[in-house]
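Open the model in your viewer and keep the selection panel at hand. The tour goes from one interface to another, then to a pair of helices.

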Amino acid sequence: MTQTVLEIAELQLHFFTDRGVVKAVDGVSLEVGRGEVVGLVGESGCGKSVTSLAIMGLIPQPPGEVVAGSIQFEGVDLTKISQKELRKIRGDQVAMIFQEPMTSLNPLFTVGNQLMEVVRIHRKVSKSEARKQALKMLQQVGISREGILDDYPHQLSGGMRQRVMIAMAMMLNPKLLIADEPTTALDVTIQAQILDLMKNLNKEFGTSILFITHDLGVVAEMCDRIVVMYAGQVVEQTDRFRLFRNPKHPYTQGLMNSIPKIEDKRERLYSIPGQVPNPHQMPKGCRFAPRCEYVMDICRVNSPDLLAVEEGHLSRCFLHQEVKEVAATST
Amino acid sequence: MLLQVHNLRKTFPIRGGLLGKKTGEITAVDDVSFYVKKGETLGLVGESGCGKSTTGRAILRLHEPTSGQIEFEGKSLLALSEEEMRKARRDLQMVFQDPFASLNPRQKVMDILEEPLIVHGMGNGKERKEQVQELLHLVGLNQSHAMRYPHQFSGGQRQRIGIARALSTKPKLIVADEPVSALDVSIQSQVLNLMADLQEKFELTYLFIAHDLSVVKHISDRVGVMYLGRLVELADRDELYERPLHPYTQALLSAVPVPDPDFQKQRIILSGDVPSPANPPKGCAFHPRCPHVMDICKEVRPEFADQGGGHFSACHL
Amino acid sequence: GGKDPNAGSGKSKTLIYGRGADSVGLDPSQQTDGESLKVTKQVLDTLVDYKDDSTEVVPGLAEKWEKSKDGLTWTFHLKQGVKFHDGTPFNAEAVVFNFERWMDKKNPYHKGDYPYYGYMFGGFKGDPGHVMKAVTAVDANTVKFELAKPQGPFLNNLAMSSFGIGSPEAIKKDPEGVKFNQSPVGTGPFKFVEWKKNDSITLAKNPDYYEKGLPKMDKVIFKSIPDNAARFTALKSGDIDMMDGLNPDDAKLVEADKKLQLKLRPGMNVGYLALNTTKKPFDKPEVRQAINLATNKKGIIESFFAGYAKPAINPMPDVVWGFNKETQDYEYNLEKAKSLLEKAGYPNGFDVEFYAMTEPRPYMPNGKKVAEFMQEDLKKIGINAKIVTYDWQTYKDRVGKGEHQMALYGWTGDNGDPDNFLYVLLDKDNTRTPDAGNVAFYKNDALHDTLIKAQQSTDQKARTDLYQKAQEIIKKDAPWVPLVHATVPEAARAEITGWIPHPTGSDKLLNVSIGK
Amino acid sequence: MSAHIQPVPFTKPEPPISPEKEIVESPFRDFVRAFLRHRSAVIGSVIVLSFLLIAILAPFITSYEYTARSQALLQAPSVDHWFGTDEMGRDLFTRVIYGTRISLWVGLFAISGSIIVGSLLGLIAGFYGGWRDTMISRIFDILLAFPSILLAIAIVAMLGRSLSNALLAIAIINIPTFGRLMRSRVLSVKSEDYILAARAMGMKNRRILFHHILPNCWTPIMVQGTLGFATAVIEAAALGFLGLGAQPPEPEWGTMLADARQYIQLAPWTMIFPGVAVALTVLGFNLLGDGLRDIFDPRMKQ
Amino acid sequence: MISYIIRRLIMLIPVLIGMSIITFSVVHAIPGDPARTIVGDKATPAQIQEIRENLGLDKPAYIQYFTYVKDILQGDLGTSLITKQEISKEIKPFLAATTELAVVAMLIAVFFGVNLGILSAWKQNSWFDYTAMLIALIGVSMPIFWLGLMEQWFFAQELDLLPSNGRLDPRMEFDAITNFYSIDAIIQGNWYAFQDVLLHLILPAVALGTIPMAIIARMTRSSMLEVMRSDYIRTARAKGLGEFWVIYKHTLKNAFIPVLTVVGLQLGLLLGGAVLTETIFSWPGVGRYIFDAINARNYPVIQSGILILATIFVLINLIVDLLYAWVDPRIQYGKGE
Ligand SMILES: Nc1ncnc2c1ncn2[C@@H]1O[C@H](COP(=O)(O)OP(=O)(O)OP(=O)(O)O)[C@@H](O)[C@H]1O
Ligand SMILES: Nc1ncnc2c1ncn2[C@@H]1O[C@H](COP(=O)(O)OP(=O)(O)OP(=O)(O)O)[C@@H](O)[C@H]1O
Ligand SMILES: [Mg+2]
Ligand SMILES: [Mg+2]
Ligand code: NI
């Protein structure tokens, strides 16, 4: 890839709660290139949303805090700049779509009002101009009914609302669009519509997208590159072909195997034993060790690093590191 | 033939106007007929709000059906008195979508599991306690879990408790209303496996409601597809997935994202949203979104008929 | 706030009189409450009046009068040239009109109730006890009253504010009998101007008042401030010029404050503890005497009257003629009380309900506290008193029905006649329920004979002797614990002159002025 | 070279979930922990407990009797009389201390009365709906639309002035608060899945009502009860202030305030201490109630 | 909408009927009767009996009740037994006085309460938040009569800053037209009086407004906090909206809905619950009027007074419900609820 738009390095994000510190994000690094769609997958609670909120500077503070690491957006470290500067970037250069289209729009203001607001925050334009832009953007996302600007969110269906959210995010043609599970709340047929739309927008405007989801099917369809997270850490990262054909990390493998494939027959599914660790008491060593089938002694003591297994394929597992060592000596 | 449903219909009143008069109706389930054979799993899929849950609940008379016939083991359930129905529920159990919401947060697992036994007068105190232990074991939980409260479990464990509760009265039919939708993939498979195991062990019959087509395909013997309160297609699993007849089923199947980057197929992207069940379109309910819509579809409601080999479909095509 | 009191309203001299409650109505003949009469006293004059500081009768609208030997005919000669506030002349016709209106239930203007008339003159036209046979105009300025039977306190009665003469024209304009009650028209020193309910009543100087140069103020405003403490605050901060209903304890503060002056209203009243002689254990005179002995009147007066009261020995105060100076009061002696109780058969005392009023009355500013005070002493002689309170209406209702065992009660004299105390409060005639006046339900035939004899006599000397005897009888039987004759402390700003609090509670504000 | 891990075979037996070693806590222990962490709940309960102790230990805290008169009338606070004396020379500290008993009593009885009656009505209205609901809701509307203090005054006037009648009046005017709360709570609990589950289990209405609905309704009632306790204390003081509450010589705070009102110039302490006592007690219950609400409020839970 | 209003008004009927029955029975169950008040402390039993008969108090209770209801239905609120004035006329200035006081108290309460709540929520867990909320808590913990007395003592007497009681300096020439003195002063262009009216309002309004203020502040805070956690506020922030607008545009409007309920409920309560404040500040209001009527057993005044207050209470809450629909487009009355 030619250029990176976003580069997160060793991000550490902690929540200081009554019950102790939750290391919700523990050393996450990832990057998104220009025009690239990067998928961020992982089970519920693994830190996907928190990571994306950190980019936007929207971590509830307190209790949350970015303790270490950097988030470079177009060469600017978003963790270092002031709220005011961040506000200028937010909504303009980096935009975000949230999971719940039902609750992410303010119920007391019309759709038009909320759409135009984005423009008027960042550009000095007249109301009518903003209105025009809003309408244009709505057309882009496939809503051509003009009256919709005066509708209130509750008058729209879930799919429509999510389109409005997308329109809102795309209003100022951002360089980076963060989509946090944008289709989870929608039906399959509607989801297909929305995914289709996002793909088109990506192609048409060249917007980079950080696509967060837990649905591997969606990832396979949408993303160029995929980052897999487990318990606040990135465990694997590579392009989608390699990931699906040749997953390296035992967690990724397990994940893939537990999905009932639509073409598969009625047999026992693979299941990863146990459950996601309690964020308050992360296991020592590798965080996946308690559930891992290939667990070794070292896994319970040391935590592995995220290292390249091969060119463009990172994994956080001692198995591969051994392999690498072997490989190194054999050559 | 364990369960037979004929022309089931369930409407909900819309209230409003002066003194809360009824001003309209939502037809949540409209003229649905199907049967479930003993020991099989019938999957029911469809988009949100199409009436899957209502169908499930109407069968258990948790929502009193507006009209229709429900025969369970040849007896009409709707003819039962309230007390008889209460007793009959021993054989008809339910697993809910949200494993947290469906467990009383103030009861210990022990009590949750014991209560159905008490209600149906099964066993004495000691026997019941033993049975609870057995149930726990069956769903992969252990003795120490009995004294905990639901919130002290993970989602997957809670759903196991829900399943254990449904099993406690040794029912013949279990209506599972999206039992895995709230769970993560890695946990989902644990629960699906458990359900499959239990079915085998106790010769259970499932009416399995879900919106995830791959899950339904995985677990079901036959699959029904619902749209806007109606059953639009019903067939054996493989038949349905390989040879969908109804355009809606086709679109649905094509829309499912497949976790395989190599998998390429032509998506049928439907336009528009699911209409409101309060005023469904005339004729075929699917016609406003149907890529193959014909004039007749706008006027005449297609018959839900056997297209051969037990493959039912409701389409003019 | 202490702003210029006359700011924004020209330079007129305004007096603000702060008081505890609003008037009920301003037609004095229909009202009985002090707050109403306090105002009407300024607006409507009576035929005869009381002296400024006592209940001695002096001329009012009538310059002079004579009575026939048998005491049955009274002739009044009216002042001339007096005009009502509406400009109509005051004359004998007007007096007759007023009396006809009050006494004749069939009179078209007899609307509503005329309680004091009925009470003072033995009912209405046609009633057996009605005293007034006829009221006639002899000529334009002479009125003749013919009585059915002689009435000792007749003149004193006529002097009551309730019998203020109103303008017949104004009354005739108000056939429903509503308006006059809201905006009375009389001949008094002040004219009615405005009434803001529960807030203030404004009166303005009557420029045509028959006494030249009076009244001294241009305006008088009666302002209701229900809370005693708030009223005192208002006085201190200059929002009002004078006030009644001073907390006795605050009197000390007033005396210490150079900007204020203390006024003492002589009390023609008695506060007492009625012991229900029909109920156990008060049917035994010893018990009643014991309670008398257990009462620390001095303590009560110190604590709740700040010293501004006289201990009551007889049922009537010494300002009323006929008071028996010889009577010996029971001393405060708990031992003796206890032994009397023993003698009466209650060596261990008894349990009793002690009714106490909560609304402040002139004779009892804080009944509940007095009861609480006595409760302690009673406990010491073994009597376990449980204090019971009701709101004033219920209280009167229950006490009038005789439901109490012992009850704090009191009386303010109307006309300064002993009969108005002794007969009304202690004769067996007045023990009829449900509205007994004699709430000790004390029945003594000897006393009854004495009182009736005194009532029918018109000889002052003979009456005095009879009343003295009556007081002795009462003292011995002890149906009451007479507690106090309260002097009511009131306060004004230091610059106020010419205010003389009257024993009846209604003061003529004729001579009041600010500064010299 | 290819040491790829092969996808795991599907037939692998499922390992049972390992028994967890973490200590299992009862909801009560959970509650206690949350409670101890909540500042205002702790402060509130400390205040409330102190008043409770004061009420119980009153005779040991002070050496005076609350009715005992002395010669020292209206004395300013001193070593002998910490809060000064009143117009009868009674020790104010003692009276304030004993007043605690009355106020707590008032709160307890009035509020438990309205909780019992209100909840019962609310439960019936919410659970059965229909005409019962309509009727009970109307009753609540009526009681709520009544100017409550006037209603209380009228009730006391009707029944006579005494502490117990004041209690009754306060209980009556607070019924709709609890009734409506209970009703709305029942309505929301009723539509929970676990109630549906209970019905699907074949449980009888009565069992559902008492085993499933009721236990899930009491937390907001408890919170409201604590706050209502505070209100009741103030209401009792207001009635006492009007002379409608406790009768002498009971040292009820509102009555004391009413009596002290006339000494505000002369002896402000007679006014200040009972007032502060009321405010402090009420504050304690309010803090506690607030704290409980936060602790029980699921939205506040992380 | 209209049909919703009509429906609500129809629902008012059973409430008012129930209310009148309860009031009637309670009031008539109070011992004593108005005849005694009318004749005063002294009267002969015969006189009292006669007055009772004149007032119809000797008739059975149900007949009295039906007579009363019949009159009400004909729009006749009855006549005060004591003053003989028509209640509908007599009560007007009292109602106006209380309404003026309650509205001003409410304005104070809303202004300070809402802003305090907003700032507290915004600066959650700061010392400002703690102090503000402690003050609010103390506010709800104080008996208002005590607060009123303290206020009066301190501001009127010790500092002599503000008038201690009444609605207006009685020396002032002033015509009560609407009986809302502030409005009357404006109508008459009497600015001096206007200023005086406002000064007189301050102490009682603060006393009366303290509890609602505290309640509103707490309510605003918690509801702000809840809204601030919501997804759409996150959206607003994600757009790059400034903090001020996030708070005052997006959050406040949403947070205000529950506050509105409190405002309506409290305003209703203030109208009928101002007895003590009215007594302390000599405010010639309706609470005091009914209170006096209870003491005098002035049956028609008690009944009609309470009925009027209750009606106003219900109407205020109806208005609040309608305001909801205005603030919140999701609420549509008259359609399926
Ligand atoms: N406000 C907060 N306070 C404390 N912990 C928090 C907070 N927000 C998130 N966390 C913790 O951070 C971790 C990551 O949460 P996050 O929302 O990023 O998960 P996610 O991967 O987006 O999950 P999902 O798929 O459910 O959206 C969780 O363990 C959660 O407990
Ligand atoms: N109790 C009820 N009262 C009124 N309408 C109802 C009720 N329950 C369901 N409905 C309506 O009936 C229709 C069908 O609802 P149902 O819950 O059966 O759908 P579903 O297929 O289970 O959807 P989901 O996938 O979201 O669970 C919906 O439009 C819903 O709004
Ligand atoms: Mg998330
Ligand atoms: Mg459903
Ligand atoms: Ni290899």
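How many salt bridges are counted between chain D and chain B? The count is two, a salt bridge being a side-chain nitrogen of Lys or Arg within 4 Å of a carboxyl oxygen of Asp or Glu.

Before going on, note that this is a predicted model, with local features needing pLDDT of at least 70, side-chain atom pairs counting only at pLDDT 80 or more, and totals for chains, interfaces and linings using all residues. Residues are numbered from 1 along each chain as its sequence is written, chains are lettered from A and ligands numbered from 1 in the order in which they are written, and side-chain values use heavy atoms, with hydrogens and water left out.

**Stop 1: chains D and B**

Select Arg207(D) and Glu115(B). They form a salt bridge, with the closest N and O atoms 2.8 Å apart.

Next, color H7(D), residues 193-200. H7(D) gives the most to the side of chain D that touches chain B: six residues. Helices here are DSSP runs (H or I, at least four residues), numbered from the N terminus.

Now show the whole interface. 27 residues of chain D contact 33 of chain B, contact meaning heavy atoms within 4.5 Å. The buried area is about 2,700 Å², 53% of it from carbon and sulfur atoms. Buried area is the accessible area (1.4 Å probe) that two parts lose on being put together, summed over both.

**Stop 2: chains E and C**

Here 53 residues of chain E contact 54 of chain C. About 4,700 Å² is buried, with carbon and sulfur giving 48%. Two salt bridges cross this interface. Pick Arg171(E) and Asp241(C): their side chains meet in a salt bridge at 3.8 Å, N to O. Then select H3(E), which supplies the largest share of the side of chain E that touches chain C, seven residues.

**Stop 3: what chain C does not touch**

No contact joins chain A and chain C; their closest C-alpha atoms lie 47 Å apart. Chain B and chain C have no contact either, with closest C-alpha atoms 43 Å apart.

**Stop 4: two helices in chain C**

Finish on H14(C) and H15(C). Show Leu422(C) and Leu451(C), which are among the residues that make their contact.
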